[in-house]
Amino acid sequence: MLKIQSFFNLITELRVSKHNIDKTYWIIEVTSLNKLNLLIQYLNNYPLLTANRNDFSAVRFAWLKIYHLMIDKKTFN
């Protein structure tokens, strides 16, 4: 996880989330549009290989539309 944090040049601390006794999840926050773009490009080139891949694919269109609206500095109601 530290290599991923370094790759994306993230300065926030990594957080851990526990949902069950045997499952631990790492949380990485991306808080700038530049880093969000880097994450989008990374996920386009290297898709997730877990169940999260299906989740990401299912909402990808809406998620990317919102991203582009933010980039274009448009407001939506």
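Predicted model: local features only at pLDDT ≥ 70, side-chain atom pairs only at ≥ 80, totals over all residues.
Colleague: Take Ile4, then: where is it found, and why does it count as partly exposed?

Modeller: Ile4 is found in helix H1, which covers residues 2–7. Its relative accessibility is 36%, so Ile4 counts as partly exposed, given that the partly exposed class lies between under 20% for buried and over 50% for exposed.

Colleague: Let me step back a bit. How many helices and strands are there in the protein, and how do the elements run from the N terminus on?

Modeller: The protein has three helices and two strands, and from the N terminus on the order is α-β-β-α-α.

Colleague: And how much of it counts as buried?

Modeller: Of the 77 residues, 14% count as buried. The accessible surface of the protein comes to about 6,800 Å², and carbon and sulfur atoms account for 56% of that.

Colleague: What about contacts between residues at least 6 apart in sequence?

Modeller: Among those contacts, 36% join residues at least 24 apart.

Colleague: Switching to Leu14, where is that one found, and what does it touch?

Modeller: Leu14 is found in the loop between H1 and strand E1, the strand being residues 15–20. Leaving aside residues up to four places away in sequence, Leu14 touches Met1, Leu2, Gln5, Trp26, Ile27 and Ile28. For Leu2, which is twelve residues from Leu14 along the chain, the C-alpha atoms of the two are separated by 8.2 Å.

Colleague: Now the rings: how many aromatic pairs does the structure hold?

Modeller: It holds two aromatic pairs. In one of them, the rings of Tyr42 and Tyr46 have their centres 5.1 Å apart and their planes at 40°, so that pair is tilted. Ring pairs also link Phe7, Tyr42 and Tyr46 into a cluster.

Terms used. Residues numbered from 1 in each chain as written. Heavy atoms only, no water. Helix = DSSP H or I, 4+ residues; strand = E, 2+ residues; numbered from the N terminus. Buried < 20%, exposed > 50% of the residue type's maximum accessible area, 1.4 Å probe, protein only. Phe/Tyr/Trp six-rings, centres within 6.5 Å; stacked < 30°, edge-to-face > 60°. Contact = heavy atoms within 4.5 Å. Areas by Shrake-Rupley, 256 points an atom, 1.4 Å probe, with all protein chains shown as cover.
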